[in-house]
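Here are my notes on the model, as numbered points. Please read them with the coordinates open.

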Amino acid sequence: MKNPQKFTISARIQSFKYALNGLKILIKEEHNFRIHLLAAVLAIILGWYFQLSISEWLSLILVSGLVLITEIVNTVMENFSDFISPGQNKKIGKIKDMAAAAVLVAGIIALATGCLIFLPKLITLFL
């Protein structure tokens, strides 16, 4: 069991540095994370352009976060799996496929939400 440490501001700041380093690694090394991040940024730009309601913003932020978080978890699972089993392993392959499926499901949910929010606005814009 880990020894309890006294709370310090410097320790909390250091923990944020680790988290920011993790984001830096994701952006630098993970193509899919960059794609999902770009999609989230584009959705935010469209949301700003169309002046979304509070509930639309909430939905957009939640599904964008869902996709980014599942992509992060998927990446962690892949890296951890490769670390503990560098060679081909059917069970590890199954774990990695299921983690990727989580990202796919989150992406489908985000796409459906985006369509519900933006399609009526785009149709009105072009008609």
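1. Phe118 is buried, at 7% relative accessible area; buried means under 20%, exposed over 50%, and partly exposed in between, with a 1.4 Å probe and protein chains only. Phe50 also counts as buried, at 15% relative accessibility. Phe50 and Phe118 form a tilted aromatic pair, with 6.2 Å between the centres and 45° between the planes. The pair joins distant parts of the chain: Phe50 sits in helix H2 and Phe118 in helix H4, 68 residues apart.

2. A word on the basis. This is a predicted model, in which local features need pLDDT of at least 70 and side-chain atom pairs count only at pLDDT 80 or more, while totals for chains, interfaces and linings use all residues. Residues are numbered from 1 along each chain as its sequence is written, and side-chain values use heavy atoms, with hydrogens and water left out. Helices are DSSP runs (H or I, at least four residues), numbered from the N terminus.

3. The structure holds two aromatic pairs. Tyr49 and Phe50 make an edge-to-face pair, because their ring centres are 5.0 Å apart and their planes stand at 80°. Rings of Phe, Tyr and Trp (its six-membered ring) pair if their centres lie within 6.5 Å; planes under 30 degrees apart count as stacked, over 60 as edge-to-face and the rest as tilted. Ring pairs link Tyr49, Phe50 and Phe118 into a cluster.

4. How do H2 and H3 pack? Their axes lie 9 Å apart at an angle of about 175°, so H2 is roughly antiparallel to H3. H2 contributes residues including Phe33, Leu37, Ala40, Ile44 and Trp48, and H3 contributes residues including Trp57, Leu60, Val67 and Ile72. Contact means heavy atoms within 4.5 Å. By class, the residues of this contact are 11 nonpolar, four polar and one charged. Ala, Val, Leu, Ile, Met, Phe, Trp, Tyr, Cys and Pro count as nonpolar, Asp, Glu, Lys and Arg as charged, and the others, Gly among them, as polar.

5. Helix H1 (residues 9-29) meets H2 at about 100°, with the axes 6 Å apart. H1 and H2 are therefore roughly perpendicular. The contact involves Leu23, Leu26, Ile27, Lys28 and Glu29 of H1, with His31, Phe33, Arg34 and Leu37 of H2. These residues comprise five nonpolar, one polar and three charged. Axes are lines fitted to C-alpha atoms, for helices over the stretch in contact, and angles run from 0 to 180 degrees between N-to-C directions. Under 35 degrees counts as roughly parallel, over 145 as roughly antiparallel, 65 to 115 as roughly perpendicular and the rest as oblique.

6. Check Gln51. Gln51 lies in the loop between helix H2 (31-50) and H3. Its phi is positive, about 50°, although Gln51 is not a glycine. Most residues other than glycine have a negative phi. Gln51 is exposed, at 69% relative accessible area.

7. Thr113 belongs to helix H4 (residues 90-126). Is Thr113 buried or exposed? Thr113 is buried, at 16% relative accessible area. Its side chain reaches the backbone oxygen of Ile109 at 2.8 Å. Leaving aside neighbours within four places in sequence, Thr113 is in contact with Ser59 and Val63.

8. Last, Gly65. Gly65 is in helix H3 (residues 54-84) and counts as partly exposed, at 23% relative accessibility. Gly65 and Ala40 are 25 residues apart in sequence and 8.4 Å apart in space, C-alpha to C-alpha.

Notes: Helix = DSSP H or I, 4+ residues; strand = E, 2+ residues; numbered from the N terminus. Polar contact = N/O pair within 3.5 Å; in protein donor to acceptor, adjacent residues only side chain to side chain.
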